[in-house]
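Student: I'm new to this structure and would like a close look at one part of it. Could you walk me through how that part is put together, step by step?

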Amino acid sequence: MSEEAVKVTKLAKKYLTKKRKGLLKSEKLVVEALRGVSFTVNYGEVVGLLGPNGAGKTTTIKILSTLLLPDSGEARVGGFDVVKEASKVRKLIGVMLSVEKGFYGKLTGRENLIYFGSLYGLSGADLRKRVDEVMELVGLSELEAEDKLYEEYSTGMKARLSLARALLKNPPILLLDEPTLGLDPMSARKVRDLVKSLALREGKAVIYTTHNMFEAELVCDRILLIDKGSIVASGTPEELKNKISDIKTVILQVRRESGNLNAFLSKLAEVAVGGVAMEELGVDYLEIKFNVRSVEESLSKVMRLLAEGGLTTNSFKVVEPTLEDVFIYFTGGKA
Amino acid sequence: MNVLPLIKSEMLLVYGELLRRRQALFTYVAYPYIMTFFIIFVGSSVGSLENFEVRVGVNPFLFFIAASFNFLAILGIVDDVLWSPIYDDNIGTLPYVLSSTTPWFLRLLIIPIPRLVLTIILGFTSLVPLFTYFEGVEGFLTSLLLMGLACLAGLLLSTFAIFLACGVSMLMGESWRLLNIVRPLMMILLGIYYPRVLMPFTIRVISYLLPSSHIVDLTLYTLVGGGTPEVLTVLTMLGLGIALAIAYGPLSYGSTKSLEMKKLREGVKT
Amino acid sequence: MSSFSRARLFMNSARTVFVSYVKAELLRSKGFFLGLISMSAWLAILMLPMTLFRDPRTPADTISTYMFIGIAIFQAYSVSTWDWGWELRDSLFRGVLENVIVSGSSIFVMYVGIIPITISWLMLSLGITYLMLSVLVAPPSLQVADPALFTLGLISLAVVLFAYAMILGSTLISSGTSGAVVEFISWILPIATGGITPLANLPPSMRFIALLTPFSYPAELLRHSLGLASLVLPEEVMLVASVLYPTAFLAFGYFYFKIQLRKLLKEGVKTVSLW
């Protein structure tokens, strides 16, 4: 096996979709889901694909798991081409695509795993033993859920079962699409810890998609920021934050009705780097968050703008950027 | 590739989805009786049982229990094949089926095998009791023969069913609506409830193209001919059925591959 | 809120249900046309063997008339079972019912919204049945001998089937009964309650059972008003029973529905499988 588990070179994919116009008519639209994406993933690391909804994360995972044909470019998984050597790729991957679907409701968790295990080429006592192992690994045994019908599973159990299926044939490469979506904090932590240990101790290569910055920072060794089908930045969480090290994040709390807010915001856009995020704090206050370069100079401009706008501030903070700030910086603040 | 684990896992699905659910199993077993009595009820209000016997040459109870059994047995064997592409797509198992190491075509081909168990259960709960009641030991033996023929009819329809299922899914989205037209048409053309000898010529020709229609005809010969049709007739019909089933093989493989490629081009739904 | 405002709100909601259903199921998914063709195919499976029972001396149009009425009543029962009764369970499965309950809107909005579609479907399916019988047997000769009785029969049948749908629907959502059981009921009910066959043609024991149910009276009235069957009870008794029994059944159905809904809210929404 090559050192590189996954190698993607200028991968592109377009979708044809329809926009409804009235009762029966529709207009065709072309959506560019991927625009020449390139990256690699090595064995023993967890690489995160981080981006907002519709960025191209799931499209990338589907291509790598041989469930979608790309329009152009190349993707090699375990050294094999995903298009021309799909059957070889399938032997090397474990896939988790959806937390809440993908199993037969009238079979128990154990029976579902036996079913899919046989599709994966496992059989007999080996299969049954492996099913017990993975159920233990994901924590379904401790919940005594092995012999419950799938339709009676909670969301957390479904997620664990989905991960168990991905691990059934002990694949060297894991492709996990938002594996903690909808999970409670305990279940989500359990999944994250397991994923990290699979990479660290067993040397698996893991691609992990998420739109949760906090989670990406916890789980991933490297992060690829993806937006509108392109990778806008990549690196370790620290490297990404250092990309904007000369940038600081300013957090203001202003009183809504105290002055001319709109004028302030339009002039602020000239000072801020990247987008401006706003959040309502109750009825009276608004939190405004933005990034600035050359802190001293920028801050004095901001103070002047606040005075000109006649706005009253409740608090004013300058903090080191988080991964969320990095994301806002590179994607212009759209989530 | 070892197919035995695949057959066992499909058996697990049959067990989980039908055999373990008492309500569903009870209804399935009751169906031949329900359909028989329904048709005989309405039929006798528009005519009489004697007219039927004169026209068809068989006791109507035996005919319709055999026909209903055939109908449900064949449908029970191939229905999961017909619905598989749509059902797996809807519940989200299709990505895992396609990304597994088992070829999709092979899985579709295996689906009917465990479902033969349903045919046997249905036979022993409907066909065997009624035939034994009406015709004694000879009836018992006839019912076993009919069960065997139904199993064969179901299996021989598999390749055609795969071709149909994948072909229909290729043609349109919401393909379950088209399938709901194709299924009953197929059951009519098999000549189960309405012998194909009574059909107009054009329809009969189309019926000949279905592998299992020849086996269904054999069933009728068995009922009408007092249980002993001519050897040449039997061999001809069996041969036609088997030959057609094999002939549909390449078509069914091709349609499966085409549908798979279509799904991959569009992206398998997750 | 005044009763008038409430009624107007109710009808607006029902109209929204109607429009949504038409857009989603009938037009955009081509359900209308494909559904009609599918129905014709299934009907043919049932109709074709029945033609094997006919006496060659009996006029073909008489045979086809009997078949038409039998199938029409069977379809009316099916509508009640699947369009109305099952609709609740289906909406529970899709996660829609809980949102309807939470909205504060009456669940009956879903029924009322579907009624125009149900009636249209039924009319169209009867049209297809008529066409198919005309091709396979002979055109049914439908002559209403007594319009008043016919109208009473129709209204009575609609009331009975609506009450049955409420009982079935509410039982389904509170108990999570499977589709297999409902399918079983949908076949047995028309036969056992004298819906399909004239009561005079039923064995005495079955006739007795049929007369105990509210279903047999409207069906018998309809057949009699079309000149297809003689009444097994005096006309006055049939008339009174056709008014009082369905009304009482409707009242029972309504209260039963309310009780089941309360049970659902108390015990929580059950997990139901697709079938």
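Tutor: Let's begin with a definition: domain bounds come from an automatic or database domain assignment. This is a predicted model, in which local features need pLDDT of at least 70 and side-chain atom pairs count only at pLDDT 80 or more, while totals for chains, interfaces and linings use all residues. Residues are numbered from 1 along each chain as its sequence is written, chains are lettered from A, and ligands are numbered from 1, in the order in which they are written.

Our part is chain A, which the assignment divides into domain 1 (4-241) and domain 2 (244-331). The centres of these two domains, taken over C-alpha atoms, are 37 Å apart. Where they touch, 11 residues of domain 1 of chain A meet 10 residues of domain 2 of chain A (residues are in contact if their C-beta atoms, placed from the backbone, lie within 7 Å). On the domain 1 side, helix 7 (213-219), strand 9, strand 10 and helix 8 (237-243) of chain A each give at least two residues. That side of domain 1 of chain A counts 8 nonpolar, no polar and 3 charged residues. In these counts Ala, Val, Leu, Ile, Met, Phe, Trp, Tyr, Cys and Pro are nonpolar, Asp, Glu, Lys and Arg are charged, and the others, Gly among them, are polar. The helices (H or I, at least four residues) and strands (E, at least two) are DSSP runs, numbered from the N terminus.

Now for the sheets, where two strands pair if DSSP finds at least two bridges between them. One open sheet of chain A has 6 strands in the order 6-7-8-3-9-10, with mixed pairing. Its edges are strand 6 (93-96) and strand 10 (230-235) of chain A, each pairing on one side only. On average, neighbouring strands here are turned by 15 degrees against each other, direction ignored. Angles run from 0 to 180 degrees between N-to-C directions, and axes are lines fitted to C-alpha atoms, for helices over the stretch in contact.

Let's follow the pairs. Strand 7 (residues 173-177) and strand 8 (residues 205-210) of chain A run parallel over 5 bridges, and A:L175 has A:I207 of strand 8 as its bridge partner. Helix 6 (residues 185-202) of chain A packs on this sheet, where it touches strand 3 (46-50), strand 7 and strand 8 of chain A. The direction of helix 6 of chain A makes about 155 degrees with that of strand 8 of chain A.

Further along, strand 3 and strand 9 of chain A are parallel and joined by 4 bridges; A:V47 is partnered with A:R222 in strand 9 of chain A. Strand 9 and strand 10 of chain A run antiparallel with 5 bridges, and A:I223 faces A:G235 of strand 10 of chain A. The hairpin of these two strands has 2 residues between them, and A:K228 takes a positive phi near 50 degrees there. Helix 11 (residues 323-331) of chain A lies across strand 9 (222-227) and strand 10 of chain A, at about 35 degrees to strand 9 of chain A.

Chain A also has an open sheet of 4 strands, ordered 2-1-4-5, with antiparallel pairing. Strand 2 (25-42) and strand 5 (80-81) of chain A each have a single partner strand, so one side of each lacks a neighbour in the sheet. Strand 1 (residues 4-21) and strand 2 of chain A are antiparallel over 15 bridges, with A:A12 opposite A:R35 in strand 2 of chain A.

Next comes a helix pair: helix 9 (residues 261-271) and helix 10 (residues 295-309) of chain A pack at an angle of about 165 degrees, their axes 10 Å apart. That angle makes helix 9 of chain A roughly antiparallel to helix 10 of chain A (under 35 degrees counts as roughly parallel, over 145 as roughly antiparallel, 65 to 115 as roughly perpendicular and the rest as oblique). Residues including A:F264 and A:L268 of helix 9 of chain A meet a set in helix 10 of chain A that includes A:V302 and A:L305.

Finally, chain A touches chain B, with 29 residues from chain A and 27 residues from chain B. Helix 1 (57-64), helix 2 (86-90) and helix 3 (109-119) of chain A each supply at least two residues of the chain A side. Helix 3 of chain A gives the largest share, 6 residues. The chain A side divides into 13 nonpolar, 9 polar and 7 charged residues.

Technical notes
Two residues are in contact if their C-beta atoms, placed from the backbone, lie within 7 Å.
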